[in-house]
Amino acid sequence: MAPRRLAFSILLGAALGLAASGSAWSQDDPGSLGADRDWRFVEQLRADGMQDVAARQLEAFAREHPDDPRAAKALLDAAALYRGLDQPVAALGAYEKVLERYPRSQEAPEALLQKGDLLAASNRHGEAADAYRSLLTSYPAVSQADAARLGLGEAALALGQTDEAARLFRYLVGGRAPAPLAARALFDLGVLNEKAGRDSLAMESFDAVSRRFPDQVIGAFGLLRSAEILARREAPAAARQRYEAVVQRYGDPFLQARADLGLAALDEAQG
């Protein structure tokens, strides 16, 4: 951070009475003039890399200017900053404020989706499922609906609710979901079938990911999972074909390393 810009933010924060437990806003400027000034202050904090302070001040913006059109966005942005700072509790709190204060805003569905994703990442799958279901019930026609279906399917799979998971994954694969979501749903169908011991159906899904979505990196993971099943079933030629396809088609070093390890294991097994 440039010293002059850092000094500017610190001095400005002091001038406005910045404190960790309170708002930086003075009460002098009425209406939108004060809100505009306060928004610029947050933007300067973010530009200077002071993300933790910016997150708190975004929450303060929404508190001090609850009727401003940017208030819901301020809370959503605060949640994103908290997640980047590895503060999930604060992030969840910001999402809840969006949902409580601005349930009819365009930010509300995104807050529910992100809340579900954060809960799922924390292995709180039951709560994540509730968030995704709430989105689909309250905002069924929004652009986030298919992402919520995928999240709900993955939460259901983690909870052992395989029938619901399969239904949601098949809906996404057979519908008009964006390619990244459909590809992941098809991969998840493979995972579901593999967990159930249906290796042939699992391989069909894993192979289909790469075939139907050749530009999606998840296709490489499908080929790797299919190859691993074939190696366990003592079908080395078919397993080798898939490992080699990963090496040839995908330039990711991690994926290539995993494929190389699989090839090495096949060579060792064959003596």
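This is a predicted model: local features need pLDDT of at least 70, side-chain atom pairs count only at pLDDT 80 or more; totals for chains, interfaces and linings use all residues.
Helix H12 passes helix H14 in a left-handed crossing.

By class, the contact of H12 with H14 holds eight nonpolar and three charged residues, and no polar ones.

I turn now to helices H3 and H4. H3 runs over residues 51–64 and H4 over residues 71–84. The two axes come within 8 Å, and the crossing angle is roughly 155 degrees. Since angles over 145 degrees count as roughly antiparallel, H3 is roughly antiparallel to H4. The crossing of H3 with H4 is left-handed.

From H3, the residues Gln51, Ala54, Ala55, Arg56, Leu58, Glu59, Phe61 and Ala62 take part in the contact. They meet Ala71, Ala74, Leu75, Asp77, Ala78, Leu81 and Tyr82 of H4. Sorted by class, the residues of this contact are eleven nonpolar, one polar and three charged.

The next pair is H7 and H8. Here the axes come within 9 Å and cross at roughly 150 degrees, which means that H7 is roughly antiparallel to H8. H7 passes H8 in a left-handed crossing.

H7 contributes His125, Ala129, Tyr132, Arg133, Leu135 and Leu136 to the contact. Facing them in H8 are Ala145, Ala148, Arg149, Gly151, Leu152, Ala155 and Ala158. This contact of H7 with H8 comprises nine nonpolar, two polar and two charged residues.

H7 and H8 also lead us to the last topic, the largest pocket. Its volume is about 190 Å³. Which helices each supply at least two residues of its lining? They are H6, at 107–121, H7, at 125–138, H8, at 145–158, and H10, at 179–195. H8 gives the largest share, with five residues.

The residues that line the pocket are Leu113, Asp117, Ala120, His125, Tyr132, Ala147, Leu150, Gly151, Glu154, Ala155, Leu181 and Arg184. By class, seven of the lining residues are nonpolar, two are polar and three are charged.

Let me close by joining the two pictures. His125 and Tyr132 of H7 belong to the contact with H8, and both also line the largest pocket.

Technical notes:
Residues are numbered from 1 along each chain as its sequence is written. Side-chain values use heavy atoms; hydrogens and water are left out. On a 1 Å grid over the protein atoms alone, a cavity is a set of points where a 1.4 Å probe fits but cannot get out, and a pocket is an open set with protein on both sides within 12 Å along at least five of seven lines; lining residues have an atom within 4 Å of a point. Grid points are joined across faces, edges and corners, and a volume is the space filled by probe spheres set on the points. Helices (H or I, at least four residues) and strands (E, at least two) are DSSP runs, numbered from the N terminus. Ala, Val, Leu, Ile, Met, Phe, Trp, Tyr, Cys and Pro count as nonpolar, Asp, Glu, Lys and Arg as charged, and the others, Gly among them, as polar. A crossing is left-handed if the near helix is turned anticlockwise from the far one by less than a right angle, and right-handed if clockwise. Axes are lines fitted to C-alpha atoms, for helices over the stretch in contact, and angles run from 0 to 180 degrees between N-to-C directions. Angles under 35 degrees count as roughly parallel, over 145 as roughly antiparallel, 65 to 115 as roughly perpendicular and the rest as oblique. Contact means heavy atoms within 4.5 Å.
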